[in-house]
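Q: Here is the entry I want to go through. Please start with how the elements are labelled, then take my questions in turn.

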Amino acid sequence: MTHLATVPDAVPPPFPRRVPTRTTLAVDLGAVAANARRLADAATGALMAVVKADGFGHGAVPIARAALAGGAGSLGVTGLAEALTLREAGLTAPILSWLHPADEDFGPAAQYDVEVAVPSAEHLDRVARTAPGAAIHLQVDVGLARDGAGPRQWGPLFARARLLERAGRIRVVGLMGHLPCADDPLHVSNAHGRRRFAAALQLARSCGLTPAQRHLAATEATLRDPLSHHTLSRCGAGLVGAAGRLRPVANLTAPVVEVRRVRAGTPVGYGHAWTAPRDTTLALLPLGYADGLPRVAGPHAEVLVQGVRRPLAGRVSMDMTVVDAGDLPVVPGTPVTVFGPGDSGEPTIHDWGPWAHTLPHEIVTGLSRRIARVYDAGALR
Ligand SMILES: *Cc1c(COP(=O)(O)O)cnc(C)c1O
């Protein structure tokens, strides 16, 4: 205190509101729109753009806008918080939200015109009580055994929904299911799920319900299984190119922050898990597992440096990663591509997924907030 008091003029300059990070996820919104167009063309019915988990890590609002420009007619999210983010940004398209606690206050759903999925009688009563007049989609389990009402609950759930609908408390506008193994078109569960969904629809109708939106297919089923389409497809991963052989839409780049030349035999990084096999140049990247670069991918992963694929050297650390740049003339500031659409030989999220023993979905949704998102809307204009 006394120290500060003796420095009367040490007033700091005005605090900068934001210092940009240079580790960047650059999202090509034209590619998102093109992916949406491909999915909309493949779908028998309408396309719902699923932008949950912040648009699979790419930014929910820009991805939603691009998908709507590409032909999506509505948006899907998991939870009212995500739905309200879209409304707050000024998006007026229909929104469906699924996955809510049974004691949710659904008031905001009615207030902001968000449709909600209803997987149980408890949810149904709660919606009727907290969001009178809300539009709901009855959610049935057709084989995932994860979310949605199991077949034994369908009868009572549908009957109660019809009762509340007649009383003007809710409106049943949809029936939804979700397939467990749509990425394997030959899997027996696909036909089984389709049959279960048809049975649910028949039962709903026999209860007097008339759900106008009937939806079972996500990205894979939209591209591979027309029998699953009904009136609507809910697609998320395909929009960002994480599934369905659609184009990955983002480039993850970082600048080299330090360069060192080391001799053959130099051990590198935590645990000395890697040793330079020959004299080489090491380039330090300012991103690590806290940014979503999977630590487990280290031994297999590569990045693109000056047009050349180069392996990582040693373990991925929390905030940084070392690249074995060989004899490339890298300097601090040299941009390195971690992944992209693959056009220039850079790895894609379809490389990173297997390197990390996971899906491309987990690679993109795991990217941290401290990576700057930038958007190229050029092709949309
Ligand atoms: C995530 C999700 C989708 C989107 O699936 P993709 O394979 O990413 O297209 C669709 N429906 C439900 C219920 C989901 O949870």
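A: Helices are DSSP runs of H or I with at least four residues, strands are runs of E with at least two, and both are numbered from the N terminus. The model is predicted.

Q: How many helices and strands does the protein have?
A: There are 12 helices and 19 strands.

Q: And what box do the C-alpha atoms fill?
A: Roughly 75 × 65 × 45 Å, taken along the principal axes.

Q: What share of the residues counts as buried?
A: 51% of the 381 residues. As for contacts with a separation of 6 or more, 65% of them are between residues 24 or more positions apart.

Q: Moving to the ligand. Which residues are around it?
A: K52, F56, W98, R146, H178, A218, T219, R234, C235, G236 and A237.

Q: What does the side chain of K52 do there?
A: An N or O atom in the K52 side chain is 2.8 Å from an oxygen atom of the ligand.

Q: Now α2. How many residues does it have, and what does it reach from first C-alpha to last?
A: Helix α2 covers residues 29-42, which is 14 residues, and reaches 20 Å, close to the 20 Å expected at 1.5 Å a residue.

Q: What happens at the start of α2?
A: D28 has a side-chain oxygen that comes to within 3.0 Å of the backbone nitrogen of G30.

Q: Which residues of α2 are buried?
A: L29, G30, A31, V32, A33, N35, A36, L39 and A40.

Q: What do the buried residues of α2 pack against?
A: Their partners are the strands β1 (24-28), β2 (46-50), β9 (232-235) and β19 (372-376), plus the helices α4 (60-69) and α10 (219-224).

Q: Is D113 buried or exposed?
A: Exposed, because its relative accessible area is 54% and the cut-off for exposed is over 50%.

Q: Where is A145?
A: In the loop between β6 (134-139) and α8 (151-166). A145 is exposed, with a relative accessible area of 69%.

Q: Back to strands. What is the order in the open sheet of 3 strands?
A: The order is β11-β14-β17, with antiparallel pairing. β11 (258-262) and β17 (321-326) are the edge strands, each pairing on one side only. On average, neighbouring strands of this sheet are turned by 30° against each other, direction ignored.

Q: How many bridges join β11 to β14?
A: 5, with β14 being residues 280-285. R260 stands opposite L282 in β14.

Q: Last one: how many residues are between the strands in the hairpin of β15 and β16?
A: 2, and Q306 in that hairpin takes a positive phi near 45°. The strands β15 (302-305) and β16 (308-311) run antiparallel and are joined by 4 bridges. V305 stands opposite V308 in β16.

Definitions and conventions
Residues numbered from 1 in each chain as written. Predicted model: local features only at pLDDT ≥ 70, side-chain atom pairs only at ≥ 80, totals over all residues. Heavy atoms only, no water. Pairing = 2+ DSSP bridges. Expected span 1.5 Å × (residues − 1). Buried < 20%, exposed > 50% of the residue type's maximum accessible area, 1.4 Å probe, protein only. Contact = heavy atoms within 4.5 Å. Polar contact = N/O pair within 3.5 Å; in protein donor to acceptor, adjacent residues only side chain to side chain. Axes fitted to C-alpha atoms, helices over the stretch in contact; angles between N-to-C directions. Near = heavy atom within 4 Å.
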